Amino acid sequence: MFVTTSNPSRREPVRVAIVGTGAIARGSHLPALTALAAGQPLETVAAVDVDAASVEAFCADAGIAHPYTDLDRMLAEQRPDLVTLATPPRFHRDQTVAALRAGAWVWCEKPPCPSLEDFDAIEAEEGPQQNGPYAAIVFQHRFGSGSRHVRELLATQAMGRPLVAHCQTTWYRDEAYYAVPWRGVWSSEGGGPAMGHGIHQMDLLLDLMGPWAEIRAMAGRLVHDVETEDVSTALIRFENGAMATVVNSVLSPDEVSRIRIDCERATVELTHLYGHRNADWRITPAPGITSEEADAWRDFGPDVPSSHEAQLGGLLEDLRAGRRPRSSGADGRKSLELVTALYKAAFTGGTVRAGEIGPGDPYYAALHGNAAGWAPEREVPAEVPA
């Protein structure tokens, strides 16, 4: 591994391997790597997929020298510095652990993995030394100029204390979407729209608002015949006292992703769908705020859209410096913990507090928590006769 704290200026190319050659790899991972390679020593040396024809076509199209159908063989032969995972969630734990054990850093698509138990097993495999290797989650919505600017405004309380927030992921998925066998299934997706769709906005909300304290929630299957939910709502109280509503839906023809935060001196709102630019943010000052101060709040600087490229660029800087990247470790776990708590609150009807879900809690091992009516029947323990 070329990254050392004793020689931080060394600039050997970072060797990257892509695992999974489907739509997210072609549409997001590969373009990000290609764009970044134009300005720094970076080489995509291999790709892996169980479908030999798919990986060979992918490598031929991208000019990647080494296609593989076996991850362990690729790791042994190519010794990549970084592995990007673009595979379904059920494979993330084993693939991430294999890459970490081979000395590679990992950048893993969301959802991170099907449970907190899986995430903690991954984190236990990270490097014992300060410089890694580390495993980070793809949470690209918290990267870019807009989210960075608003995060700074909130952290410094330039607009006053945050008081009320709304987090909305209302998308639309039809029957054809769920006709794919692994969709809407706990074992393959880990969860429904709260896990697979809304986690992006919920992660951004946490990144902007800080730690949460407690959550109450509801979930339902209103349209689709699936194991998981197709809609959920939640109420969250943050450690700073602010309160938020969260809606995650795949039943909404008018699709939108939105975060709104009402502070003492201004409202800040983001409205977009799958990614945002500076123009997607709006700041409305409270009465009495001077135009000069409001204009300063609205100065987002050069436009850097949220994107895989924006996050990966920072991760590569961290890799070369040997420091833990954002959205890894506790910073990456917090969003999965909130999603897990949402499911527990919804399925039990109770209030769930931050930090309470750990080993021994059924929701620690699976997001359905073996709840009657939600867990796959084969996974619900039989009742003990009285």
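A salt bridge is a side-chain nitrogen of Lys or Arg within 4 Å of a carboxyl oxygen of Asp or Glu. In this structure, the side chains of aspartate 120 and arginine 333 meet in such a bridge (2.8 Å, N to O). The model is predicted: local features need pLDDT of at least 70 and side-chain atom pairs pLDDT 80 or more, while totals for chains, interfaces and linings use all residues. Residues are numbered from 1 along each chain as its sequence is written, and side-chain values use heavy atoms, leaving out hydrogens and water.

**Salt bridges**
- The structure holds 25 salt bridges.
- Aspartate 120 lies in helix H5 and arginine 333 in helix H13, so this pair ties together parts 213 residues apart in sequence; helices (H or I, at least four residues) and strands (E, at least two) are DSSP runs, numbered from the N terminus.
- Arginine 142 forms a salt bridge with aspartate 203, with the closest N and O atoms 2.8 Å apart.
- Arginine 142 is buried at 1% relative accessible area, and aspartate 203 is buried at 0%; buried means under 20%, exposed over 50% and partly exposed in between (1.4 Å probe, protein chains only).

**Helix H5**
- Leu116, Asp118, Phe119 and Ile122 of helix H5 (residues 116-123) are buried.
- Seen down the axis of H5, these residues fall within an arc of 160°, so they line one face; the arc is that of the directions from the helix axis to the C-beta atoms.

**The sheet**
- Eight strands form an open, mixed sheet in the order E13-E12-E11-E7-E10-E9-E8-E14; two strands pair if DSSP finds at least two bridges between them.
- Strands E13 (281-285) and E14 (352-353) stand at the edges, each with a single partner strand, so one side of each has no neighbour in the sheet.
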